[in-house]
Amino acid sequence: EVMSSAALATYDNFTISGTCRQADESTNCVDDSSNQIRVAYNGTLQGQVDTTVDGAWTITGLTAPASGTVITVFIDGSADANEAVAVTKYDGSGSISGVTLYQEHLTIGSDDTGATVSNADLALYDNSVSGDEDVFHEVDAANDLTVDTTGNLTSEELHILSGWTFRPDSASSGNVTAQHIELKGTLSADGNAVYVQGNWQNSSGTFTAGTSTVNFNGTAIQNIIGGGTGTGVDDTGKDFYNVTISNTTAAVQLSSTETEIDGTLQINASAVFYLNGVAFDMNGVLSNNGTLRLKGSENVAFGTQDINSGTWEYVGDGPATASTYNVIDFGTNDYFNLVINDTSASSSDMFRLVGTLRVFGSVTVSDGTLDADTNNANITVAGNWTEAAAGVFIEGTEKVTFDGVADQTITTNG
């Protein structure tokens with residue numbers, strides 16, 4: 001078959017191009033003269049390279065792949081902190097542009113027509129297939145993705161570009177492990193598990209939760225930017241289904257925008273989930289074996305409370321000026337353990353009961369003021385009562401009833 005000059009040009013001049021940014025996603029990459037940008041089609045590494053790794057790059061002289069080919073672009077020969085991988089799919093039209101390499105990121109997408117990328121697609125040229133430690137992601141025999149299988153990166157991120165969908169496994173047998181996850185496109189999780197050791201950012205993307213579980217299992221403070229607009233609003237594309245808090249070293253905390261959970265929130269023993277002054281919508285069930293911490297100023301909507309285990313800790317907002325917050329009234333049954341523990345160094349906050357308080361565990365006033373007087377709130381406690389030296393209880397004429405089935409201890413600061 002004789003190809004027209006136009007068709008020949010399409011093949012002979014096929015290019016893949018994009019940008020390279022440092023881990024901050026804004027500063028241009030800096031060439032160190034020893035690295036290069038390479039590309040693989042499905043599982044086959046191509047011979048063409050761009051030997052200059054800076055803000056803009058182009059690989060020329062390529063043969064156009066078939067439509068739907070998985071394209072993996074990576075920086076080869078760089079220091080660990082400068083490694084970057086991007087995966088896209090060819091839409092069958094013209095050259096490929098807009099492939100974004102972010103250092104310490106696995107980026108999904110390009111300027112080609114948006115498509116869906118799966119764990120199976122990522123497996124075509126991962127760490128074990130490539131035999132190259134610069135390709136740091138790995139999909140194992142169980143179809144589970146680890147974004148940094150080498151352990152050489154310090155802050156790796158799974159980053160999904162706008163218009164693209166990452167769907168690990170539609171049959172719910174493909175989990176994901178990453179340090180950070182940032183959604184500008186769509187993460188469709190089905191029934192898979194997603195393990196996050198760092199931050200979750202969904203300001204402008206879409207999370208289709210399905211029946212998935214997102215497990216925050218880091219060892220430092222973790223932030224969740226849920227992207228919701230407020231309690232009582234069904235923010236389709238922002239809500240979680242199940243969430244597990246298993247970080248036992250530092251708090252997992254909400255940041256800036258409302259977060260909603262529609263399934264189960266499980267807080268493991270010794271773990272802390274901190275609302276941090278951010279609106280929180282819990283439509284499902286709380287299973288609390290650790291601590292749910294809040295300032296008291298949050299707009300909170302709640303489904304099923306856990307009155308069999310766990311602690312709710314009110315800490316206030318911390319500034320020098322004392323503030324007053326309401327203790328959430330869940331109706332007939334309120335809390336297992338309740339802790340008042342204001343964190344301000346000077347003027348302590350007041351936490352006011354708005355109705356009868358029923359606690360199935362213990363009440364501890366470590367710091368700050370628990371006010372039962374203003375709203376004439378009676379209290380029933382099945383466990384112990386402790387007022388530390390910095391804690392104040394304003395009882396008024398209201399009654400505290402101790403109705404436990406074992407010995408109960410009352411400790412006051414005098």
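Analyst: A cavity is a set of grid points where a 1.4 Å probe fits but cannot get out. The model here is predicted.

User: How many cavities of 30 Å³ or more does the count come to?

Analyst: The count comes to one cavity of 30 Å³ or more. The largest cavity has a volume of about 40 Å³.

User: Next, strands. Which strands does E21 pair with?

Analyst: Two strands pair if DSSP finds at least two bridges between them. Strand E21 (residues 222-225) is joined by two bridges to strand E18 (residues 200-201), and the two run parallel. Three bridges link E21 to strand E23 (residues 252-254), again in parallel. For E23, Gln-253 is the bridge partner of Asn-223. As a general point, side chains in a regular strand alternate between the two faces of the sheet.

User: Last, disulfides. Which cysteines are joined, and are they buried or exposed?

Analyst: A search of the whole structure finds one disulfide. The bond joins Cys-20 to Cys-29, with an S to S distance of 2.1 Å. The torsion about this S-S bond is about -75°, so the disulfide is left-handed. Buried means under 20% relative accessible area. Cys-20 has 0%, so Cys-20 is buried; Cys-29 has 4%, so Cys-29 is buried.

Definitions and conventions: Residues are numbered from 1 along each chain as its sequence is written. This is a predicted model: local features need pLDDT of at least 70, side-chain atom pairs count only at pLDDT 80 or more; totals for chains, interfaces and linings use all residues. Side-chain values use heavy atoms; hydrogens and water are left out. Helices (H or I, at least four residues) and strands (E, at least two) are DSSP runs, numbered from the N terminus. On a 1 Å grid over the protein atoms alone, a cavity is a set of points where a 1.4 Å probe fits but cannot get out, and a pocket is an open set with protein on both sides within 12 Å along at least five of seven lines; lining residues have an atom within 4 Å of a point. Grid points are joined across faces, edges and corners, and a volume is the space filled by probe spheres set on the points. A disulfide is a pair of cysteine sulfur atoms within 2.5 Å. Buried means under 20% relative accessible area, exposed over 50%, partly exposed in between (1.4 Å probe, protein chains only).
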